[in-house]
Amino acid sequence: MALTGRLGALVLPTRLRSTSSCFVERVTPRFLLRANDLIKRWNAQPLAKQFLLIGGIVAMSAMLVVGAFVTSLIEGAVTRNSAATTALYVDSVIAPLLPDMQTTQVLDDTVARALDETLGQGALGNRLLAFRLWRSDGTILYSNEENMVGQRFELGDELRTAFGGEMVAQFKPADDAADETNQRAGKPLLEIYNPVLQPWSGQVVAVSEFHEIAHDFETSLSQARFLTWLAVAGFTLAFFIMLSAIVMRGSRTIEKQRHALRQRVDELSALLSQNEALRGRLQHASQRATALNENMLRRLGADLHDGPAQLVAFASLRLDSNALVSASTSAAVREREITAIKASLDEAMHEIRTICSGLVLPQIEMASLPELLERVVRAHEQRTGSTVELLLSDPPERLSPSAKICIYRFVQETLNNAYRHGGGVGQRVAQSTEGNRVCIAVADGGTGFDPKNIRPTSLGLAGLRERIESLGGTFEVDGAGPGTIARMSLGIEEIGQA
């Protein structure tokens, strides 16, 4: 049993320690999170609001400290000055009545009656509530309260200071519960302990204690306090308002700069994102351009092989045939063979020129946009014998060479597609300006097609898309029918600087 009790006594504190430690571990993070949350909220406040709160507290504290300090100084100065005036007046009245205090230990009845008459009448009688004359050993030589004459008391701090040659003055309001005289009188009093000096030696021989009724003094002191607090509060308020105005103006400037900086950072972030996107598009366009160039060369080789090369091979075979070299061949047959060979060579030359005309651009550096569109439309009409409607609306005055080449190739390729797949029906080229962008639309009246069916290896539309998007433009094809419409747009400012 004893062992069990000891084990229980050991286990219980261990459980208490573990419980308290768990409680501390649970409470401490909450306190830290709360403190961090308050700090974050405080830091999120504007600087002006932080200054107004902290500055207001500091200004109020400084006002209270300075006001209390200045008020105490003024109260002390006013009390000392008033007490010195009263003490000088009292000394001038009672000094002639006092005997040689150096040799006299007790006042005789004649001096006491003279003091009673002097202190009980006139101005002193109306102002003095209590008067005592103290000897250095604590004996009261005279008092207007007869029961206190001859009694001996222990000297207080005020009496010791007065016997040391320094006047002591204290103001006691009417509700001062620590002073018996105030309790009996129920009036504000000015207590004065004034050293009585021997005229020829200047030695302190006694101390006069008198309590003056201080209604006027209390009024003056209250007024001095009020004016002091008013001056300190006014100066503190004016200083705080001026400082707050400076801080508010600085805070507004900082907020404007912070807002401008935030906008600048957002703009730079947006530009960075655009640059990243453009870099990706440029890299993709470069890769596609390489593939398109290879495909174009392959198509050019195929066109030359399937067209002019076959015709020239046909002419070469006819030249090697026996019809031209055989002696039995008639002149008419030879003439027919020569005519066929010439026709094949003429057709081959026509196809070669057609291929070359599609590869070589005309001089478009100095041409305006209307002249450029007119040239490509007329070249298509002459090559295909079809008709194209051209519509112009407020064309831009300046275009970069790269933009002109892009527009020329777009119209050339889309018109070729319109003639090849749409039969050249209802061909139309329309130029318009929308804001700061120039738009080109090429349409036909064919059956249309589904753009999703375009093969990735298709050179025409894929090459146009890469060329237009590399200049920051847009490209789209609508083949839902009736007819097909291909649109492109470029920014005028961008293509003007390209």
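A nonpolar core here is a set of buried Ala, Val, Leu, Ile, Met, Phe, Trp, Tyr and Cys residues joined through side-chain atoms within 4.5 Å. Buried means under 20% relative accessible area, exposed over 50%, and partly exposed in between, using a 1.4 Å probe and protein chains only. What you have above is a predicted model, where local features need pLDDT of at least 70, side-chain atom pairs count only at pLDDT 80 or more, and totals for chains, interfaces and linings use all residues. Residues are numbered from 1 along each chain as its sequence is written, and side-chain values use heavy atoms, with hydrogens and water left out.

**Overall picture**
- The protein has 14 helices and 10 strands; these are DSSP runs (helices H or I, at least four residues; strands E, at least two), numbered from the N terminus.
- Out of 498 residues, 30% count as buried.
- The accessible surface comes to about 31,100 Å², and 59% of that belongs to carbon and sulfur atoms (Shrake-Rupley method, 1.4 Å probe).

**Cores**
- The largest nonpolar core holds 26 residues, and those with the most contacts inside it are I407, F410, V411, V429, I440 and M488.
- At least two residues of this core come from each of α11 (369-384), α12 (401-422), β8 (437-444), α13 (460-470) and β10 (484-491).
- Helix α12 gives the largest share, seven residues.
- A second, separate core has 22 residues, including V111, L115, F210 and A214.

**The five-stranded sheet**
- Five strands make an open sheet in the order β2-β1-β5-β4-β3, with antiparallel pairing; two strands pair if DSSP finds at least two bridges between them.
- The edge strands, each pairing on one side only, are β2 (140-143) and β3 (168-172).
- Strand β1 (residues 128-134) pairs with β2 in the antiparallel sense over three bridges.
- R132 has S143 in β2 as its bridge partner.

**A closer look at E381**
- E381 sits in helix α11, and it counts as buried because its relative accessibility is 18%.
- A polar atom of the E381 side chain lies 2.9 Å from the backbone nitrogen of V388.
- Not counting residues up to four places away in sequence, E381 touches S386, T387 and V388.

Methods: Polar contact = N/O pair within 3.5 Å; in protein donor to acceptor, adjacent residues only side chain to side chain. Contact = heavy atoms within 4.5 Å.
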